[in-house]
Amino acid sequence: MTDSVSLPDLTADEQARIQAKAALFPPPSPVLADGRKDLVGLSREELIAELALLGEKPFRAKQLWHWIYHQGVTQFDEMSSISRPLREKLASSYVVGRPDITTQQTARDDTRKFLFRFRDGQEAETVYIPDRRKDRGAVCISSQVGCTLSCSFCHTGTQKLVRNLGAAEIVSQFMAARDSYGEWPSPTGDTPRLLSTIVMMGMGEPLYNYDEVAKAINIITDGEGIALSRRRITLSTSGVVPMMDRCGSELGVNLAISLHAVRDDLRDILVPLNRKYPIAELMAACRRYPAASNSRRITFEYVMLRGVNDSVADARALVRLIRDMPAKVNLIPFNPWPGSDYQTSTREAVEKFAAIIMDAGFASPIRMPRGREILAACGQLKTESQRVRRASFDPAGDDSPQDAV
């Protein structure tokens, strides 16, 4: 670094580079083949603009927002507070879309996995994980079709990035899951939410699709629609350091870090993105994250791989990495998938590892695998979608082209 270039300048430049790369993998147009446009995924301002084209006043957008995101209605003729002539105009020009459900599987532990097909035929998986004790649960949402990170222990990483998901496709995963469980209208007050939290931990790296993810989160957290608190949304990243700063300042959601190793040489293998943003830079970004506090701790996700990263020395090194930040560690037994080279750590090794973390004063729950038999557990998601064009995007720093699938 030269004296004339500051760290914020470099961060801004890197953010611009990342967003330029993301533009190579755009979501499909919101306009259907018949010319109608999908209203799901539009911001309030965009919805007002669409209604202005019909000669309608801005308050009509508020009515529509209520029907789409609070009531969950998909048919205009059911929007009873809107005049019939306007409903007819809306139906001729717009739709309130949902992805098609290609398959829906429910595991013995009631974990439910959806394979959603989007307008262009591409597919992504979404998982609902119910709480074992209370009427609530987490929806694990995808942000991309495929993934560009190629983490060696992750099934999704074996599927090359096909494209980014649009805000509509991200929001509609949650809305379609709600359809499945009949949770409309949006619960208010003390009414329990069955689908109570969102974790951006599905297919893809959310911070390599920042604009669409941010737009989706702003729609989901709008108080007059789905109205899910930002405290109930966790975004998981493998460590896209420049975008972590922006995420913290603009979105304020909970942060989870896919760490999985405490040494750069090992993390370079497990999480190749580490070659671009090594552990020291990642930890510094975590300490800067503005939404982190003792009540909203950063979660470090750590997949336990037998004989690879599960030693006592690894546990002690992890404590040293996080010792001065509000943090907790989720220990995740490795979930096997076809063709994987790793093995799950023994129960004894996992418990010894957890004890060291907890003795240092950090919560260290051992995540129980959910939905393994339907390949719905952590690191098991993958679809048959394929990229149909060539494009360059290597977040680890190698700018050589990636071949089309």
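The second largest cavity of this predicted model has a volume of about 30 Å³, where a cavity is a set of points, on a 1 Å grid over the protein atoms alone, at which a 1.4 Å probe fits but cannot get out. The volume is the space filled by probe spheres set on the points, which are joined across faces, edges and corners. By this rule there are two cavities of 30 Å³ or more. The second largest cavity is lined by Val-253, Asn-254, Leu-255, Tyr-289, Ala-291, Ala-292, Arg-296, Arg-297 and Ile-298, lining residues being those with an atom within 4 Å of a point. Sorted by class, this lining has six nonpolar, one polar and two charged residues, with Ala, Val, Leu, Ile, Met, Phe, Trp, Tyr, Cys and Pro counted as nonpolar, Asp, Glu, Lys and Arg as charged, and the others, Gly among them, as polar.

Because the model is predicted, local features need pLDDT of at least 70 and side-chain atom pairs count only at pLDDT 80 or more, while totals for chains, interfaces and linings use all residues. Residues are numbered from 1 along each chain as its sequence is written, and side-chain values use heavy atoms, with hydrogens and water left out.

We turn next to the cysteines. An unreviewed UniProt entry carries the annotation "binding site" for Cys-147, Cys-151 and Cys-154, although such annotations may be inferred rather than shown by experiment. Cys-151 lies in the loop between strand 7 (144–145) and strand 8 (163–164), and Cys-154 is found in that loop between strand 7 and strand 8 too; strands here are DSSP runs of E with at least two residues, numbered from the N terminus. Cys-151 is buried, at a relative accessible area of 11%, and Cys-154 is buried at 16%, where buried means under 20% relative accessible area with a 1.4 Å probe and protein chains only. Cys-286 also counts as buried, at 2% relative accessibility.

A disulfide is a covalent bond between the sulfur atoms of two cysteines.

Another loop, between strand 6 (137–140) and strand 7, holds Ser-142, which is buried with a relative accessible area of 0%. The side chain of Ser-142 reaches the backbone oxygen of Glu-125 at 2.6 Å and the backbone nitrogen of Met-203 at 2.9 Å.

Key. Helix = DSSP H or I, 4+ residues; strand = E, 2+ residues; numbered from the N terminus. Buried < 20%, exposed > 50% of the residue type's maximum accessible area, 1.4 Å probe, protein only. 1 Å grid on protein atoms, 1.4 Å probe; cavity = no way out; pocket = protein on both sides within 12 Å on 5 of 7 lines; lining within 4 Å. Polar contact = N/O pair within 3.5 Å; in protein donor to acceptor, adjacent residues only side chain to side chain.
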